[in-house]
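Try each one before reading its solution.

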Amino acid sequence: MNKNEFVEILIKYNIDPNIVCFNDKIKDDVFCVMDNYNAVDVFYRERGREFGLQKFSTQSDALEYLSNKILVMSGKL
């Protein structure tokens, strides 16, 4: 899965894609997908703290994980 496919899934389920930031300036109250050397980190950031850090070897695996997590949390799956 690539970034565009990930965003399309969120839109399909009426989920605002702005709840995720990708390698940009880290924001609060969003899920973050960050390249970290040879890995991709996924975590939730709130009030300057990171929660639920998961590491993946590919961006595709990271986005699969995060799309499923968001859909389950939103009650769409």
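Predicted model: local features only at pLDDT ≥ 70, side-chain atom pairs only at ≥ 80, totals over all residues.

**Exercise 1.** Which residues does Gln59 touch, not counting residues up to four places away in sequence?

Residues are numbered from 1 along each chain as its sequence is written, and side-chain values use heavy atoms, with hydrogens and water left out.

*Solution.* Start by finding Gln59 in helix 2 (helices are DSSP runs of H or I, at least four residues; strands are runs of E, at least two; both are numbered from the N terminus). Next, look for contacts, meaning heavy atoms within 4.5 Å: you get Met1 and Val40.

**Exercise 2.** Is Asp41 buried or exposed? Work out its surroundings too.

*Solution.* Asp41 sits in strand 3, residues 39-46. Its relative accessible area is 8%, so Asp41 counts as buried (under 20%; exposed is over 50%, partly exposed in between, with a 1.4 Å probe and protein chains only). Now check the side chain: Asp41 makes a polar contact with the side chain of Asn36 at 2.8 Å (a pair of N or O atoms within 3.5 Å; within protein, one must be able to donate a hydrogen and the other to accept it, and residues adjacent in sequence count only if both atoms are side-chain atoms).

**Exercise 3.** What does Phe6 contact, leaving aside its neighbours within four places in sequence?

*Solution.* Go through the list: Met1, Val20, Phe22, Leu63, Leu66, Ser67 and Ile70.
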